[in-house]
Structures are given as C-alpha cells and as structure tokens.
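Biologist: I am new to this structure. Please take me through one part of it closely.

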Amino acid sequence: MIPFEYNTINILIIVLAAGLSTLLDIDLQWQRQGYPFHHRGRTHSILAALIAGVLFGIFMWYGFKEILYFGIGFIAGFMAVVSHMLGDLLTHMAFKPLWPFDKREVSFGICSASNRAANEGLGTVGTLAFFVYILNGQGSLSVFIDAIKSLFRILE
Ligand SMILES: [Zn+2]
C-alpha cells in the first residue's frame, strides 16, 4: 500500500480488494457441492484475477456510470485475487498461480494454511500497515511517532 499515493481512490481500491480477497475460496464450497472445481484450481490463477477485474470493473461502471470506476473495480478485483494468491503461496499446498500461461505448480511451503500464528500475524501486520498508510497520508504519522517517543520517555 505504501508505494501508492494517499488519496480516496486508492483507499477505496485497498478496502475493496481486501474485502473481496476471500471470495476465491468459494472453490471449497463448490467442491463440496460436487461441482467440477478443486481447491486452489482455476479460481487461484492469473486468469481468475483478470476475470475478477473485468467483472468487478463492469459492476462498478454499471453503478457509477463513469469509466474511472471501471478502472477502480478492475484494479480492486484483480488485486483481490493476486493478494489472496500471494498469501496462499506461503503455505504448503502448491497451485498454478500463472495458469493458463504457465502451468508450473508453486508453493513456498513456509507454513500450513491453518497456522493460527501466521494467519493472525499477517492479519495484524496488514491492519497496522493500513493504519500507517492512513496516518502517513494525512501527515499524522510523525505526530503519532512523537507521541510514542514521549510515552517511552515518561516510562523510563
Ligand atoms: Zn485460497
């Protein structure tokens, strides 16, 4: 988030992408219901990211009737899938993130998907990064850091 300029559009993209990012695991539900999907199959691919971007772009354009909102929707939908895949890549279960362009299965095998410490740790880091992004964008980060420094000086 930090490389992106601080503005309302980027905050909207970040919030939408984060909110949509869990939708990929609908493949678990489809698999249980007998549909021809397997977990971390087609929903976890760069093609799914492009499709999600186009569909969410159309959805946003339909709602706001401005091409800018197609772009916001596209980036949010695309980044929702990509960010989910980046998280899943940390786990042991390999999948094909670049399918159908590259069919290699990839996994960094750092932890299991159900690792509570990893999930809560990443959730906490992500939330803190978002607050830092907001505070830095509003020019309040230095005030916040000074307040923390003052607090430590008092505690010494
Ligand atoms: Zn997943």
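Modeller: Here is a close look at the metal site. The model is predicted, so a cut-off applies: local features need pLDDT of at least 70, side-chain atom pairs count only at pLDDT 80 or more, and totals for chains, interfaces and linings use all residues. Residues are numbered from 1 along each chain as its sequence is written, and side-chain values use heavy atoms, with hydrogens and water left out.

Start with the zinc ion. Asp25 (OD), His44 (NE2), His84 (NE2) and Asp88 (OD) coordinate the zinc ion at 2.1 to 2.3 Å. Donors here are N, O and S atoms within 2.8 Å of the metal (3.2 Å for Na, K and Ca); water is not among the atoms, so sites may look incomplete. Along the chain, the donors are spaced D-x18-H-x39-H-x3-D. His44 and His84 link distant parts of the chain, 40 residues apart. His44 sits in the loop between helix 2 (26-32) and helix 3 (46-64). His84 lies in helix 4 (residues 67-89). Helices are DSSP runs (H or I, at least four residues), numbered from the N terminus.

Both His44 and His84 are buried. Buried means under 20% relative accessible area, with a 1.4 Å probe and protein chains only.

Now Asp88. Asp88 is also placed in helix 4. Asp88 counts as buried because its relative accessibility is 11%. Its side chain makes a polar contact of 3.2 Å with the side chain of Arg40. A polar contact is a pair of N or O atoms within 3.5 Å; within protein, one must be able to donate a hydrogen and the other to accept it, and residues adjacent in sequence count only if both atoms are side-chain atoms.

Definitions and conventions:
Helix = DSSP H or I, 4+ residues; strand = E, 2+ residues; numbered from the N terminus. Buried < 20%, exposed > 50% of the residue type's maximum accessible area, 1.4 Å probe, protein only.
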